[in-house]
Amino acid sequence: MQIQTTTASPQEFDGDAVVIGAWSDALLPESTASIDRVCGGVISRMIELKEIGTERCDVTSLLGLAGVSVPLVLVVGLGSREDQKPGLAKQVAGTAAKFLGKQARQSVGFFLELESLDQAVAGAMVGCVGQDLFRAEPNLFAFESIIWGGATQDEVDSGTALGESINTARRLINLPASDIYPESFAAECVRLGQACGFDVEVWDEVRLAEENCGAHLAVGQGSAKPPRTVIMRHLKGDPDRPPLGLVGKGVTFDSGGLSLKPSASMLDMKCDMSGAAAVVGAMMAISRLNLPVNVIGFVGLAENMVSGDSYKLGDVLTARNGKTIEVHNTDAEGRLVLADTLDVAVSNGVGQIVDLATLTGACMIALGQDVAGLMTNDQNLCDQVSTAAMSVAEPAWQLPMFAEYGEHIKSDVADIKNVGDGRWAGAITAAKLLEEFVADTPWVHIDIAGPSFLAKPKAWIDAGGSGCFVHTLVELASCQSSSEA
Ligand code: BES
Ligand code: MN
Ligand code: ZN
């Protein structure tokens, strides 16, 4: 996909289609008004007659307008101009792109006079790419080129970096577990590091053993595919400031292990590396944007399988930080992988940690499929993450971390056990286990089990891997870089 800017007017634009916007409570934006003028007021009349919808993400296609070069003009509703909600640019551009992507098109012009056009650029790139990796006839056809009227080169460049990073995360999630396993995921990280300019270090199973990553290794030991940890460094900030650590759960397939999942619950479990995909996507964007920050990404990769070598219920694991964990359920594997990966982050001297994980079904019961759970030991950092997430329309809501919940993971034989008593507060008891491995580092855990893999498409994005929280992480890092300056 080529992304460019243009100074042409929308009516002169020479391509396959043009996208323009309309507010529900305000005059037409200038591009829309100028098309409306050359075609004799058709658009404003149709809006009056409610033949063109102006609510956010309504789409109406108009063919063969007199005086307009392109054969197809798409009017996308922008909703209220008075009350613009976050994510407007990203979602309306995505909706228009997804609508037009139903057919193959060479070049599409976007003429949207919105704030944050960089987010619109990213939204359109995400919108026209579907979960089509293996389909002869794709659901969505990515445009050859997208041309932005009125955007600066800066907006196009940063939007492109973000859009490609989100689409890379989506592709990693959508690839099946036979293609993406710990070794091949690590190889992708190496390749992306070379392409985008961040340093990549890979720990194989021998190194993981030398590093005493007993919890991580246990999860991977039932699989024919050995585990990996990948460390990705972007150190371009003040050398005196400790880096931000981003930690991702990378379970490339979660069968549940001996605590086997029922077939229906296992179907989508190639998505159990979405946290790791978000970290890789964020590292890509942060390094391509050359943000003046210190960020280190850590992904813990393992495949949770059933075999004669699988870890077992009742096993007692010694994690890298020396704490022992009694296994009560082999399907509570993500927290075990993260226990060691978080400790690796602590050892690398990070000043703050944000981890992302498709950790618990319980978080989906609590908050639904669209909202991520936030759990923290540091309210200030949590507020920063929450503000970043809200500002880019990735909804997230905090759950409490009262000390009492820690009682639920006490073990009779080890320091802790890997599940709580009963199903109660399962998202929080999982986070309580993670908290044991971050020492005193300010830390936020984001449980993305809900939003990471869409069962149904949305207007602005196809179903499947969503690439959620790449945008939030990039926003968080860029807020930190501006507060550093
Ligand atoms: N990967 C799953 C959580 C999950 C469920 C992610 C649905 C995305 C969609 C995780 O490893 C898991 O199996 N969690 C268990 C924990 C339980 C055994 C304490 C769960 O949520 O049931
Ligand atoms: Mn599991
Ligand atoms: Zn899992």
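In the predicted model, a nitrogen atom of ligand 1 lies 2.8 Å from an N or O atom in the side chain of Asp-272, a polar contact being a pair of N or O atoms within 3.5 Å. An N or O atom in the side chain of Glu-333 is 2.8 Å from an oxygen atom of ligand 1, and a polar side-chain atom of Asp-254 is 2.9 Å from an oxygen atom of the ligand. The protein buries 76% of the 520 Å² that ligand 1 exposes when taken alone; accessible areas come from the Shrake-Rupley method with a 1.4 Å probe. The model is a prediction in which local features need pLDDT of at least 70 and side-chain atom pairs count only at pLDDT 80 or more, while totals for chains, interfaces and linings use all residues. Residues are numbered from 1 along each chain as its sequence is written, chains are lettered from A and ligands numbered from 1 in the order in which they are written, and side-chain values use heavy atoms, with hydrogens and water left out.

The shell around ligand 1 holds 16 residues, of which Lys-261, Asp-272, Asp-331, Glu-333 and Gly-361 come nearest; a residue is near a molecule if one of its heavy atoms lies within 4 Å of it. The shell divides into 5 nonpolar, 4 polar and 7 charged residues, where Ala, Val, Leu, Ile, Met, Phe, Trp, Tyr, Cys and Pro count as nonpolar, Asp, Glu, Lys and Arg as charged, and the others, Gly among them, as polar.

Ligand 1 sits in the largest pocket, in the sense that more than half of its atoms lie within 2 Å of the grid points of the pocket. Strand E9 (244–254) and helix H12 (361–367) are the elements that give two or more residues to the shell around the ligand; helices (H or I, at least four residues) and strands (E, at least two) are DSSP runs, numbered from the N terminus. A pocket is an open set of points on a 1 Å grid over the protein atoms alone, where a 1.4 Å probe fits, with protein on both sides within 12 Å along at least five of seven lines; lining residues have an atom within 4 Å of a point.

The largest pocket contains about 1,100 Å³ of space, a volume being the space filled by probe spheres set on the points. Its lining comprises 41 residues, with Lys-261, Leu-359, Thr-360, Gly-361 and Ala-362 closest to the centre. H12 supplies the largest share of this lining, 5 residues. The lining divides into 20 nonpolar, 12 polar and 9 charged residues.

The second largest pocket has a volume of about 460 Å³. Among its 21 lining residues, Ala-393, Glu-394, Lys-458, Trp-460 and Ile-461 are closest to its centre. Helix H3 (88–100) and helix H4 (117–127) each give two or more residues to this lining.

Asn-212, in the loop between helix H7 (205–210) and helix H8 (214–220), has a positive phi of about 60° although it is not a glycine.

Terms used: A polar contact is a pair of N or O atoms within 3.5 Å; within protein, one must be able to donate a hydrogen and the other to accept it, and residues adjacent in sequence count only if both atoms are side-chain atoms.
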